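Hi,

I am handing over the structure we talked about, and I would be glad if you had a look.

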Amino acid sequence: MRGVLFRCIINGMNQKKIFITKTNGKREEFDINKVAYSLKKVGATEESVRGVLTHLQEEIKEGMTTHDIYKHAFSLLHKREQVPALRYSMRRSIMDLGPSGFPFEKFLGEVFKKKGFSVLVGQVVKGRCVEHEVDVVAYNAEKLIMAEVKFHNELGVKSDLKVALYVKARMDDLKHSPFNYGGKERKLDEGWLITNTKFSAPAIQYAECEGLKMIGWNYPVGAGLETMVEQSDLHPITVLTTLSQGHKKQLMDSGTVLCGSVRHDKSLLKPLGLSDSEIQSVVDETQLLCPVE
């Protein structure tokens, strides 16, 4: 289907047979249609897609990783259309919130806040039998949610059945206990499992049978993590291209995880040792990439 859909874009391109390395270490033949589909999905124009693919086909080499290819495709798209490029880079930007899972948990907390919840991160709560450390607690007048967050540093790693079983057992222990959030005693309404990658088929089968709510990349279909983030209009600090990886880590270590935070408060950038012009370049980029935060 994708080959038919993008024939008008890739028709006439000299497609050499090249084998690349996936994130799980396996080799597969490079399919330029997959890149075209990803670019079109985030709203890139046909002209931009053709331009990116033309560059890629000249530069793809045997043994390159999918990470390198898609990162390069993003940089090429960014030169042409910055807003679609932002969407294209979202999955990788969330991955860059690592290597520890705490910045991702904090970012998810901000997403819940945007949905109208009060949020606590890293809470120790008492279940019927034992205490549990809960990554994210979100509550409003109607609902109390507790979420276990599984962060993976590689796109090819999935949260499997063991994780789903473990989280379901924890939530079953917690659902029997009373909690005091928002000034009233209440029971747990929903226990969630959230990951930045995907779930294995057995994990999904089990969760759907047992009623465990899981949020991951492209799961549930049309309501996965990417949709949840896009609807929040929030973007992680890692989307910014005007900051180095080291600078982004410094900001995350100090508790700053949102792109919009440095737009509202330029003083957050001062400890990074940037010049005034460099700081202004960062702020200018936030105006484009996260203007509504």
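Below is what I found, starting with how the model was treated.

This is a predicted model, in which local features need pLDDT of at least 70 and side-chain atom pairs count only at pLDDT 80 or more, while totals for chains, interfaces and linings use all residues. Residues are numbered from 1 along each chain as its sequence is written, and side-chain values use heavy atoms, with hydrogens and water left out.

Let me begin with a helix pair. Helix α9 (residues 161-174) packs against helix α10 (residues 201-210) at about 25 degrees, the axes being 7 Å apart. The two are therefore roughly parallel (angles under 35 degrees), and their crossing is right-handed. From α9, L161, A164, L165 and K168 meet P202, A203, Y206 and E210 of α10 (contact means heavy atoms within 4.5 Å). Of the residues in this contact, 6 are nonpolar, 2 are charged and none is polar.

Next, a loop residue: T197 sits between β9 (190-195) and β10 (198-199). T197 counts as buried at 0% relative accessibility (buried means under 20% relative accessible area, with a 1.4 Å probe and protein chains only). A polar atom of the T197 side chain lies 2.7 Å from the backbone oxygen of V157. Beyond its neighbours within four places in sequence, T197 is in contact with residues including M95, H152, G216 and W217.

Finally, A147 belongs to strand β5 (residues 144-150) and is buried, at 1% relative accessible area. Leaving aside neighbours within four places in sequence, A147 touches V134, D135, V136, M171, W192 and I194.

Best wishes

Technical notes
Axes fitted to C-alpha atoms, helices over the stretch in contact; angles between N-to-C directions. Helix = DSSP H or I, 4+ residues; strand = E, 2+ residues; numbered from the N terminus. Parallel < 35°, antiparallel > 145°, perpendicular 65-115°, else oblique. Left-handed = near helix turned anticlockwise from the far one by under 90°. Nonpolar A, V, L, I, M, F, W, Y, C, P; charged D, E, K, R; others polar. Buried < 20%, exposed > 50% of the residue type's maximum accessible area, 1.4 Å probe, protein only. Polar contact = N/O pair within 3.5 Å; in protein donor to acceptor, adjacent residues only side chain to side chain.
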